[in-house]
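Thank you all for coming; I would like to walk you through one model this morning. Please have the sequence and the coordinates open while I speak.

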Amino acid sequence: FFAVTQAVERSYIMIKPDGVQRGLVGEIITRFERKGFSLKGLKLFQAPKELAEEHYSELKERPFYPELVKYIVSGPVVCMVWEGPGVIASARKLIGATNPLLAEPGTIRGDFGIQSGRNVIHGSDSPDNGEREIALWFKEGELVEWTRNRTHMLA
Ligand code: RTP
Ligand code: MG
């Protein structure tokens, strides 16, 4: 028996418009699935500007904020909730550094991106922000309660 010591968390993961346009949806979902995390919510969605602004409100003083908001509403995104032990930090490792040129090969941004302004995917940076973002992007009733059977992962 192996006791998981990491707290079970939820992360808001979003495939940005460039990731959807480039046909990376299946590839990205595969990476989270095979890592062992559980999908609790999933939808294709055209974000309104106000939602993109609220999502990145912590960055509103940054010079790239208007461009960032335009980018996020430039086409449909795939909104996801992934759950599991330590998923917040682990997802950010799977995703890689903000600037895809600095992201390690093997990470999503390292494998598929070139520019920070088109970096394919978003992942929550803390458990609190994860819950804040999930509440922002999903309505009551859109998330599904189910348990992924881990019998074949953990001894
Ligand atoms: P995200 O929130 O999208 O997962 O990205 P992150 O944590 O790695 O980076 P963050 O600092 O939260 O920035 C949010 C997004 O803003 C765009 N950005 N552009 N041009 C720039 O220097 C620049 N810096 C950030 C990126 O799309 C980044 O993911
Ligand atoms: Mg961030």
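Predicted model: local features only at pLDDT ≥ 70, side-chain atom pairs only at ≥ 80, totals over all residues.

Residues are numbered from 1 along each chain as its sequence is written, chains are lettered from A and ligands numbered from 1 in the order in which they are written, and side-chain values use heavy atoms, with hydrogens and water left out.

Let me start with the record. UniProt, in an unreviewed entry, lists residues 8-145 for "domain: Nucleoside diphosphate kinase-like"; its positions are given in the numbering used here, feature names are shortened, and annotations may be inferred rather than shown by experiment. Over residues 8-145 the chain is 41% helix and 20% strand, with the end C-alpha atoms 14 Å apart. Helices (H or I, at least four residues) and strands (E, at least two) are DSSP runs, numbered from the N terminus.

The "binding site" annotation, again from an unreviewed UniProt entry, covers Lys 16, Phe 64, Arg 92, Thr 98, Arg 109 and Asn 119. From this set, Lys 16, Phe 64, Arg 92, Thr 98, Arg 109 and Asn 119 are taken in by the lining of the largest pocket. On a 1 Å grid over the protein atoms alone, a pocket is an open set of points where a 1.4 Å probe fits, with protein on both sides within 12 Å along at least five of seven lines, and lining residues have an atom within 4 Å of a point.

Where does Lys 16 sit? Its place is in the loop between E1 and helix H1 (17-21), and at 4% relative accessibility Lys 16 counts as buried, where buried means under 20% relative accessible area, exposed over 50% and partly exposed in between, with a 1.4 Å probe and protein chains only. Not counting residues up to four places away in sequence, Lys 16 touches, among others, Tyr 56, Tyr 71, Arg 109, Asn 119 and His 122, contact meaning heavy atoms within 4.5 Å.

Arg 109 lies in helix H6 (residues 108-112) and is buried as well, at 9% relative accessibility. A polar atom of the Arg 109 side chain lies 3.2 Å from the backbone oxygen of Gly 96. Beyond its neighbours within four places in sequence, the contacts of Arg 109 include Lys 16, Thr 98, Asn 119 and His 122.

That brings us to His 122, at which UniProt, in an unreviewed entry, places the feature "active site". His 122 is found in strand E4 (residues 121-123) and is buried, with a relative accessible area of 7%.

Tyr 12 leads on to the aromatic rings. Rings of Phe, Tyr and Trp (its six-membered ring) pair if their centres lie within 6.5 Å, and planes under 30 degrees apart count as stacked, over 60 as edge-to-face and the rest as tilted. By this rule the count comes to four aromatic pairs. The rings of Tyr 12 and Phe 138 have centres 6.4 Å apart and planes at 75 degrees, so this pair is edge-to-face. It links distant parts of the chain, with Tyr 12 in strand E1 (residues 8-15) and Phe 138 in the segment after helix H7 (127-137), 126 residues apart. Tyr 12 is buried at 0% relative accessible area, and Phe 138 is buried at 7%.

For Phe 45 and Trp 137, the ring centres are 6.1 Å apart and the planes at 85 degrees, so that pair is edge-to-face too. Phe 45 belongs to strand E2 (residues 38-45) and Trp 137 to helix H7, 92 residues apart. Is Phe 45 buried or partly exposed? Phe 45 is partly exposed, with a relative accessible area of 24%, whereas Trp 137, at 2%, counts as buried. Tyr 12, Phe 45, Trp 137 and Phe 138 form one aromatic cluster.

Lys 43 lies over the face of Phe 45, at 4.6 Å from the ring centre, and over the face of Phe 138, at 4.9 Å; the criterion is NZ of Lys or CZ of Arg within 6 Å of the ring centre and within 35 degrees of the ring normal.

Finally, the two strand residues. Ser 11 lies in strand E1 and is buried, at 0% relative accessibility. Glu 83 lies in strand E3 (residues 77-85), and a polar contact of 2.7 Å joins its side chain to that of Lys 40. A polar contact is a pair of N or O atoms within 3.5 Å; within protein, one must be able to donate a hydrogen and the other to accept it, and residues adjacent in sequence count only if both atoms are side-chain atoms.
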